[in-house]
Amino acid sequence: MQELKENNVLQPAMPKSWNEETKPHKFCPGCGHGIILKAVGEVIDELGIQDKIVFGCDIGCSLLSWDFFACDSVQTHHGRTTPVITGMKRANTDIIGIAYMGDGGGYAIGSQHLFNAAVRGEKITIILCNNCNYGMTGGQMAPTTLPGMKTETSPYGRDVEQTGYPTKGPEMVAAVAPEGAYVARGTIANVRQLKGFIKKALENQMAGNGISFVECLSSCPTNWRTNAKQTWEFVEKDMAQYFKVGELRTPQAKEGK
Amino acid sequence: MAEVSLQGEQRVFMTGNEVVAWAAVAAKVDIMYGYPITPQNEIMHYWTRLAPKYGKRFLQTEDEISAGFTMLGGVMTGRKAFTATAGPGNVLMQESCVMAEMMRLPAVYVIQQRGGPSTATVIYAQQETTLTCFGGNGEGHRIVYSTATHQELFDYTIKAFNAAWTYRFPSFVLGDGYQAKMREPLTIYDAESKGVKLVPTEPMVGEFKPGKQFKHLRNTYNTEEELYEVVMANQRDWDAMAPKVVEWYEKDCQDADVVFVCHGVVSRAAMGALDELRAQGKKVGLFRPITVRPFPEKQLADAVKNAKKVLVAESAYGQLLKMVQVAICGGKAEIVPMLRPGIGITTEELVEEYNKL
Ligand SMILES: Cc1ncc(C[n+]2csc(CCOP(=O)(O)OP(=O)(O)O)c2C)c(N)n1
Ligand code: SF4
Ligand SMILES: [Mg+2]
């Protein structure tokens, strides 16, 4: 990463692993996807693994990243990114596979894949963007929609009597994955920490330890219908209150027990 | 257990599922992905026994959706990969089939058809013919070989890999539970020493060489027109490929008054009926599409041009029949259907049906 000066003004640096031609990216203003992917890009640069990465993205707003990186990339079907990257890694253990998806993709339509990849300890890195709703389809209730939260399909607020409580993905993965797993939940409200989690998740795959899973608390101001202040408040307070940020499994901790 | 090997040629007596596993070894397949379902289970059973001896891999997935998509991941890295399924598993795999069609992925699926939508009637049917040829939200850009004998199961499984990697359309071996489970003699062989060239594979992603161009594979389009262009380009490739891969078998059609049309295992019963009726001096013929997709339409139309009647016999209710109707519509032969969804068809029944004409 280089610092660029244009007309004597410091320009935000772009990770080398980003595909410059497709920038600015296609996400809405204020969207968390771009922040997560920036962290991913910086980590790829720091680890020097741009050549080895196969980046898979789901259907959902994550698909807008199909040409986001200057890395081999595959856009798959809704929920199917985990099996596609799993299949690649099983066939060719030299690649470093990233499966990038939304909360709908990972916790609803692809939940059986996530669960079983975790149980099998697939040596891949799954990065999941939790934005409390189905962004791409226009803001429906997702497995992660907070209790009482209004969405297009829960217009009076999520009723936990009828629809249960928000899915806690990292907790689930941490509970079922064999030793060698790395599991964490980060947030776009703390990018430095999030980057650290993503880095460890990729290093864990490179070490061949086991599954690596990072959920990222993210924003969707378009569907939340929030301004900048409200958006940050929601991410920092409401989401973080329900979804605890931090590491849930590190390979050392488990083995040390 | 003695060390197994596949060198030169061997005369063997095996079940169809075992044949498929050996054919995959002969085709130098790297990895199989699968989820248990009768009647294909023994393909996985044999594969998992053979695989370690040949440095090959297997992944048992959580369902057939995953088996299909993990296989697509495997082929994208340039590894020869396949899966096998049946019935409801075939339904679940269609999502991956359409991705393979649109993204031109050399996926290979072995389908051992079974009856009914759920379970119990798990051994035999031809009710997955339409599904295997046209399942999914696409245009059916696939190659489907419908086999009838164990020798064909072996030969066409190897061929399916070659076709997939040559034309980059998903390829299917369409068998059924009878073929899967019965034993019969055949010759298995090392493909290359028999002069069958194996088409080399090639990674689409995950290849590491200095200064490589990064690839962005996608299955999403910004406009209807963009999608249209991709589908039409695929259609043109498929049309250009069709005459090169289409296969059929015909016997005694040119002077026949009645031509039997069947595919897969039913054509074995028809062979018996043909011999019996010809011995009685009856002018009957047999036409059997080996590729049910692409369908040998011109060849069928030519084979029945002198016939008065075409007897279409299948263990489904009109799936082959529709393909035949399309192929020979406007012809003078009358089409007589013999439709037995989910049950087998014997030589005696075909002769009986013939005698009713
Ligand atoms: C099989 C299938 N079902 C439904 C859809 C429609 N669909 C597209 S994106 C999406 C939701 C995406 O939500 P999420 O995974 O949370 O990602 P986000 O857009 O919020 O980042 C749905 C349901 C689809 N493409 N495929
Ligand atoms: S709809 Fe939401 S998740 Fe999708 S790009 Fe816009 S802000 Fe991001
Ligand atoms: Mg979402």
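This is a predicted model: local features need pLDDT of at least 70, side-chain atom pairs count only at pLDDT 80 or more; totals for chains, interfaces and linings use all residues.
1. Let's begin with ligand 1. It has 16 residues around it, and the closest of them are Cys61(A), Asp103(A), Gly104(A), Gly105(A) and Gly135(A). If you sort this shell by residue class, you get five nonpolar residues, 10 polar ones and one charged one.

2. Which elements build the shell around ligand 1? In chain A, α3 (103-109) and β7 (133-134) each contribute at least two residues. Helix α3(A) gives the largest share, with four residues. Asp103(A), one of the closest residues to the ligand, falls within the 103-109 stretch of that helix.

3. Asp103(A) places a polar side-chain atom 2.3 Å from an oxygen atom of the ligand. For His33(A), an N or O atom of the side chain is 2.9 Å from an oxygen atom of ligand 1. Asn133(A) takes part through its backbone instead: an N or O atom there lies 3.1 Å from a ligand oxygen. On its own, ligand 1 has 590 Å² of accessible area, and the protein covers 75% of it.

4. A few backbone details deserve a look. Most residues other than glycine have a negative phi, and most peptide bonds are trans. Cys132(A) is a non-glycine residue with a positive phi, near 60 degrees, and it sits in the loop between β6 (125-130) and β7 of chain A.

5. Where are the cis peptide bonds to check? One joins Lys23(A) to Pro24(A), with omega near 5 degrees, and Pro24(A) belongs to the loop between β2 (9-11) and α1 (32-47) of chain A. Another runs from Thr38(B) to Pro39(B), again with omega near 5 degrees. Pro39(B) is in the loop that connects β2 (31-34) and α2 of chain B.

6. Two packed helices are described by the angle between their axes and the distance between the axes. For α1 (residues 16-26) and α2 (residues 41-50) of chain B, the axes come within 7 Å and cross at roughly 45 degrees. That angle makes α1(B) oblique to α2(B), and the crossing is right-handed.

7. The other pair in chain B is α3 (residues 64-76) with α4 (residues 87-103), whose axes are 7 Å apart at an angle of about 30 degrees. Angles under 35 degrees count as roughly parallel, so α3(B) and α4(B) are roughly parallel to each other. Their crossing is right-handed.

Technical notes:
Residues are numbered from 1 along each chain as its sequence is written. Chains are lettered from A and ligands numbered from 1 in the order in which they are written. Side-chain values use heavy atoms; hydrogens and water are left out. A residue is near a molecule or strand if one of its heavy atoms lies within 4 Å of it. A polar contact is a pair of N or O atoms within 3.5 Å; within protein, one must be able to donate a hydrogen and the other to accept it, and residues adjacent in sequence count only if both atoms are side-chain atoms. Accessible areas come from the Shrake-Rupley method with a 1.4 Å probe; for residues, only the protein chains shown count as cover. Ala, Val, Leu, Ile, Met, Phe, Trp, Tyr, Cys and Pro count as nonpolar, Asp, Glu, Lys and Arg as charged, and the others, Gly among them, as polar. Axes are lines fitted to C-alpha atoms, for helices over the stretch in contact, and angles run from 0 to 180 degrees between N-to-C directions. Angles under 35 degrees count as roughly parallel, over 145 as roughly antiparallel, 65 to 115 as roughly perpendicular and the rest as oblique. A crossing is left-handed if the near helix is turned anticlockwise from the far one by less than a right angle, and right-handed if clockwise.
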